[in-house]
Amino acid sequence: AFTSMLCGFLGMMIATFSNARTTMACAHNAGYTLGFNTAFRGGSVMGYALCSLGVLVLWILLTFYRTVYPEADDWEVLFDCAAGYGLGGSTVAMFGRVGGGIYTKAADVGADLVGKVVAGLDEDDPNNPATIADNVGDNVGDIAGMGADLFGSFAESTCAALVIAAAAVEGSHNTLSEAGWDAMLFPLAISAAGIVICILCGFVATNISPVKEEKDIETVLKVQMVLTAVLMLPVIYYLAVFLLPHEFRLEGVRLTEDGHPAKISGSPYKCFICATMGCVGGLIIGLVTEYFTSHSYVPTRELASACKFGTAVNIIQGLALGYKSCIVPVFVLSSAIYMSFQLCDLYGIALAALGMLATLSCGLTIDGFGPISDNAGGIAEMALFKPEVRRKTDALDAAGNTTAAIGKGFAIGSAALVSLALYGAFVVRLRVKTGVNIFEPVTFAFLIIGCMVPYWFAALTMKSVGKAAGEMVAEVKRQFSVKDSKGKTLLEGSDELKPDSLTCIHISTEASLYEMVAPACLVILSPLLAGTFFGVQ
């Protein structure tokens, strides 16, 4: 939890420094190169800080625990202790995501509803008191929230892989823990190697083939995604061959025909295929997301032309487009799960999740790029720069919106794999010889209740956003209606009145902290209550 908060804080701090510098770079330099590089490097601080600190702190923890449990027989307990690292990461992720989401959307909806719709102001107009809260919200939601979210996935998939690898296989030798400490830490090695690969690929975007004109922006970001994923594959293969024994036994949840747990044998090649499924799957999800959200492709252009027929048609088409965009990623995830499970059982699924998150530094860099460019545009508007500066920042921001969607795709895809790996680790630790039977009445009943929880959660958060946005709208309208000594209001160009941004920021902050309690309690208490009163199954 501490690591996650520290990374979110660093990321937001650097993003806040970078956004004004991106505006200056766009204002004082011809072309897009310097503006793009400033935003890209600002985003990369978050990416590299999060991944490197995540790996480092986990490694320090494991090394410390190893002094307490030096014997290989005790490593099962050791990795069970370390699993708390993943839980802490995801708890902060939930607070970051929910709090950040309520903050940013309340400010965004509030600023747009009154500013654009009612008063007819431009986006980020300096007279709109909610503008600054809106810009702060982008940092809170997209940098701290997304960072904590992906850090949670990364920590949990690593912990799940370690717990499954350490699970003792009854009556068989040749397990991973017997192969030594290096073989156990194979999951960490994948993430560590990913950081180095992403650093090398980062120079491609800023130095080797930089952005020269507007159409290069998306290309350069896409090259980053593809290049890091492709270069990761040989590295994962080398690590697998170098660290893992030729053959090893794993504890599985599959059953043989006579109802006993199947003995699964793994090999470096099988582990490589599992991680590759995740790495390539992540890339495909990223590219599909880009296709559906980028202004360069058909779906978004069709949606834009639907606006000619009014708001309702636009909303319906947009929803349809959103639902349609899930089809390919779900097939990709299913095939990754099937292949990995066939080859290495649950360990394979945890490795697939790690493969997907191997290029996390690059993914977070691309993701942090979005809010920095967005804020740069806001600063250009509020500081009354010339229109061409705003045009440049808007071009960067348009690509940034697409990249934020790609980041979300990675977060959801990896979370799906991680939750399955964690579920598997839970079943392995339960030592249930028959597996979990879904046709038990209690299990099936709670499966349906579990399906309902996300809707309950979403209802709570959406209501919170609506409530906070309502307060924001009321405050902005109040400020617009106040008259000075000459009888002029803010919108009529009063010399005496200044927009009071602090009150708006206060509304967003208070709402996000106060409204976070109910959804958080729902998520944290539901497994505890279900397990305590109705049993672990």
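Contact here means heavy atoms within 4.5 Å. The structure is a predicted model.

Once neighbours within four places in sequence are set aside, Ile190 is in contact with Met232, Ile236, Leu239, Ala275, Leu351, Leu354 and Ala358.

Attention now turns to helix H4, residues 131-166. Of its 36 residues, 33 are buried, so H4 is largely enclosed by the rest of the structure. At 1.5 Å a residue, H4 should span 52 Å, and this agrees with the 52 Å that separate its end C-alpha atoms.

The packing of H4 against helix H2 can be followed next. Two packed helices are described by the angle between their axes and the distance between the axes. For H2, residues 33-68, and H4, the axes come within 11 Å and cross at roughly 35°. The crossing in which H2 passes H4 is right-handed. On the H2 side, Met46, Leu50, Gly54, Val55, Leu58 and Leu62 take part, and they meet Ile143, Gly147, Phe151, Phe154, Thr158 and Leu162 of H4. The residues of this contact between H2 and H4 comprise 9 nonpolar, 3 polar and no charged.

Terms used. Residues numbered from 1 in each chain as written. Predicted model: local features only at pLDDT ≥ 70, side-chain atom pairs only at ≥ 80, totals over all residues. Heavy atoms only, no water. Axes fitted to C-alpha atoms, helices over the stretch in contact; angles between N-to-C directions. Helix = DSSP H or I, 4+ residues; strand = E, 2+ residues; numbered from the N terminus. Left-handed = near helix turned anticlockwise from the far one by under 90°. Nonpolar A, V, L, I, M, F, W, Y, C, P; charged D, E, K, R; others polar. Expected span 1.5 Å × (residues − 1). Buried < 20%, exposed > 50% of the residue type's maximum accessible area, 1.4 Å probe, protein only.
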